[in-house]
Amino acid sequence: MKTVDYIIVGQGVAGSCMALQLLQNNKSFIIIDDNKHKASAIAAGIYNPVVLKRFAIVWNAKQQIKKLKNVFNSFEQLLNQKYVYEFPVFRIFNDENEKRTWNKKADREDLKDFLAKDFSRLNTFKNIHQPIGSGEVLETGRIDLSNLLPDFKQYLKLKDHCLDESFNYNLLEIENNKVIYKDIEAKKIIFSEGYHIKENPWFGQLPIIGVKGEVLRVKTDAILPDAVVKAKEFLMPLGNKEFFVGATYDRDNVNYEITEEAKTILLAGLKQFLEDDIQVVDHKASIRPTVSDRRPIIGAHPKFKNLICLNGMGTRGTMLAPVMVEELYNYLEFDTPIHPEADISRFYHLLNE
Ligand SMILES: Cc1cc2nc3c(=O)[nH]c(=O)nc-3n(C[C@H](O)[C@H](O)[C@H](O)COP(=O)(O)OP(=O)(O)OC[C@H]3O[C@@H](n4cnc5c(N)ncnc54)[C@H](O)[C@@H]3O)c2cc1C
């Protein structure tokens, strides 16, 4: 029997940030992951403190951005690779009204560090159609999760911290102060399965709402800025003349199939602001684990206190996972209260107490 402090199920951005936190604190753990429909692996990985529809600040944005840089820089140091790319996000205005709203909001205390007032920065790119101009969001960028996650998994495997397999819920034995899974005994088990939480017998009743997203990787010779350009859809540079185009939001067809319909929508959205020829290189789909009240869900099961939930990263896993992991870790190790808006106890009535 192998004895560890924690078992983690799921090595998306949430489980990986938790594994890093445990490594940094010399806690022993095993992470189990079957690499199935990992939302984090197809996500653009953009971090952006501003909601681009309404020009509103994201929940706890300042704290999230600070923690995110700290955590992903630690991954860079650990794995000796670059994963953090800082670049601006340009939001193309739909009309004059939006431009006025942006200008007003850029003076607000909570937004002034993030909304630039210079609307001319994209003007040199004559091939980008933006008759009303565009606003620049600051403190934004991308975490290259599509490389970070497999690199980190490889590292964890070499250190005997990772099992590349599906977790079988039927084999978990729950005792008062420990859990036993096959030949592993742990004080606690942390479930970070993303949308697969729906199959979890203890946490499957939580109000996780799947929102399917499809994305394209495209190639073009167009001269484009080293920045995200966003109108209805967004374009993000990947290097080597390749770009990421995303993403659809579909609450009705929650599955992992790629569709011609979504491809047409994404390409039409791109055509709104870019006339240049492009060639589609790849097309992927996954499901975002969103929550009815748009907040993550972290904490212990009401009856089985050694079963822990780390989920609900929604549309912003890159920004949320680092702070939520820190919050959860402090709760698990030091009994520090969880932020009430993220605390699983708000949904205890839905779980089998
Ligand atoms: C199209 C799209 C674009 C997105 N763009 C962005 C973006 O730009 N910025 C951003 O911040 N967020 C973005 N998101 C959201 C982001 O992807 C999610 O918030 C985040 O990936 C959720 O991470 P997670 O670790 O909770 O789940 P996941 O990444 O889905 O990871 C869960 C892991 O658990 C494993 N697992 C589940 N059940 C089991 C089991 N029984 N046994 C073993 N392993 C199991 C799965 O194999 C998977 O590897 C996007 C999402 C989509 C779909």
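I started with R251, which is exposed at a relative accessible area of 54% (exposed means over 50%, buried under 20%, partly exposed in between, with a 1.4 Å probe and protein chains only). R251 lies in the loop between strand 17 (242-246) and helix 6 (260-271); helices are DSSP runs of H or I with at least four residues, strands runs of E with at least two, numbered from the N terminus.

A note on the source: this is a predicted model, where local features need pLDDT of at least 70, side-chain atom pairs count only at pLDDT 80 or more, and totals for chains, interfaces and linings use all residues. Residues are numbered from 1 along each chain as its sequence is written, and side-chain values use heavy atoms, without hydrogens and water.

Next I looked up salt bridges (a side-chain nitrogen of Lys or Arg within 4 Å of a carboxyl oxygen of Asp or Glu), and the structure holds 29. I noted K212 with E214 at 3.5 Å, N to O, and both residues are buried. E175 and K178 meet at 3.8 Å; E175 is partly exposed at 36%, and K178 is partly exposed at 26%. I also found D33, K38, K153, K157 and D164 linked in a salt-bridge network.

Then I turned to aromatic pairs (ring centres of Phe, Tyr or Trp, its six-membered ring, within 6.5 Å; planes under 30 degrees apart are stacked, over 60 edge-to-face, the rest tilted). The count comes to 16. F75 and F152 have centres 5.0 Å apart and planes at 85°, so I logged them as edge-to-face. F75 sits in helix 3 (residues 61-79) and F152 in helix 5 (residues 145-158), 77 residues apart. Both are buried.
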